[in-house]
Amino acid sequence: MDALVVVFDLETTGLNVDEAEILQLAAIAATEEQEIFSVFTKPNIPIEAGASNVNGITMAGDQLVREGQVIPSTGLGIGIQVKRLIL
């Protein structure tokens with residue numbers, strides 16, 4: 001059986017690992033079907049300007065926004081559950 005390669009990407013509210021929250025968790029499995037997973041979570045803290053400059057994500061009220069489009073997202077509780085699965 002061939003090795004399975006999964007590539008992960010995180011977008012966060014900033015770089016401080018003790019304070020930053022995950023905005024997006026995405027993964028691609030290198031299979032014949034190119035399986036893709038992505039979930040966005042609404043943070044409980046502000047998104048730092050430097051992070052927004054990199055990931056393009058901002059807040060408008062209680063919604064995540066990228067390039068003027070609202071990003072469907074879930075509460076942070078779901079994100080915490082996903083984070084624990086990875087760790």
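Figure 1. Beyond its neighbours within four places in sequence, Ser52 is in contact with Ile47, Ile57 and Thr58, where contact means heavy atoms within 4.5 Å. The model is predicted: local features need pLDDT of at least 70, side-chain atom pairs count only at pLDDT 80 or more, and totals for chains, interfaces and linings use all residues. Residues are numbered from 1 along each chain as its sequence is written, and side-chain values use heavy atoms, with hydrogens and water left out. Ser52 counts as buried because its relative accessibility is 14%; buried means under 20% relative accessible area, exposed over 50%, and partly exposed in between (1.4 Å probe, protein chains only).

**Figure 2. Ile57 and the largest nonpolar core.** Seven residues make up this core: Leu23, Phe40, Ile47, Ala51, Ile57, Leu64 and Ile71. A nonpolar core is a set of buried Ala, Val, Leu, Ile, Met, Phe, Trp, Tyr and Cys residues joined through side-chain atoms within 4.5 Å. Apart from neighbours within four places in sequence, Ile57 is in contact with Glu11, Leu23, Phe40, Ile47, Ser52, Leu64, Val65, Arg66 and Ile71.

**Figure 3. The open sheet S4-S5-S6.** Three strands are joined in this order by antiparallel pairing. Strand S4 (57-60) and strand S6 (69-71) are the edge strands, each pairing on one side only. From one strand to the next, the twist averages 50 degrees; axes are lines fitted to C-alpha atoms, for helices over the stretch in contact, and angles run from 0 to 180 degrees between N-to-C directions. Two strands pair if DSSP finds at least two bridges between them. S4 and S5 are linked over 4 bridges in the antiparallel sense, and Ile57 has Arg66 in S5 as its bridge partner. Strand S5 (residues 63-66) also pairs with S6, again in the antiparallel sense, over 3 bridges. Here Leu64 has Ile71 in S6 as its bridge partner.

**Figure 4. Turn and loop residues Gly61 and Glu67.** S4 and S5 form a hairpin with 2 residues between them. Gly61, in the turn of that hairpin, has a positive phi of about 70 degrees. Glu67 is found in the loop between S5 and S6. Although Glu67 is a residue other than glycine, its phi is also positive, near 50 degrees. The relative accessible area of Glu67 is 76%, so the residue is classed as exposed.

**Figure 5. The open sheet S1-S2-S3.** A further 3 strands form an open sheet in this order, with antiparallel pairing. S1 and strand S3 (35-40) stand at the edges with a single partner strand each, so one side of each has no neighbour in the sheet. The twist in this sheet averages 10 degrees from one strand to the next. Strand S2 (residues 22-29) and S3 pair in the antiparallel sense over 6 bridges. Ala27 stands opposite Phe37 in S3.

**Figure 6. Val6 in strand S1.** Val6 lies in strand S1, which covers residues 6-12. With a relative accessible area of 35%, Val6 is partly exposed. Not counting residues up to four places away in sequence, Val6 touches Ala27, Ile28 and Ala29. Val6 and Ala30 are 24 residues apart in sequence, and their C-alpha atoms are 6.1 Å apart in space.

**Figure 7. The whole chain and its confidence.** The protein has 2 helices and 6 strands, and from the N terminus its elements run β-β-β-α-β-β-β-α. Of its 87 residues, 29% count as buried. Among contacts between residues at least 6 apart in sequence, 39% join residues at least 24 apart. The mean pLDDT is 85, and 83% of the residues reach 70 or more; pLDDT is the predictor's confidence in each residue, from 0 to 100. Confidence is highest in H1, at a mean of 96, and lowest in helix H2 (residues 76-86), at 52. Over residues 83-87 the pLDDT is below 50, and this stretch has 3 contacts in the model beyond near neighbours in sequence.
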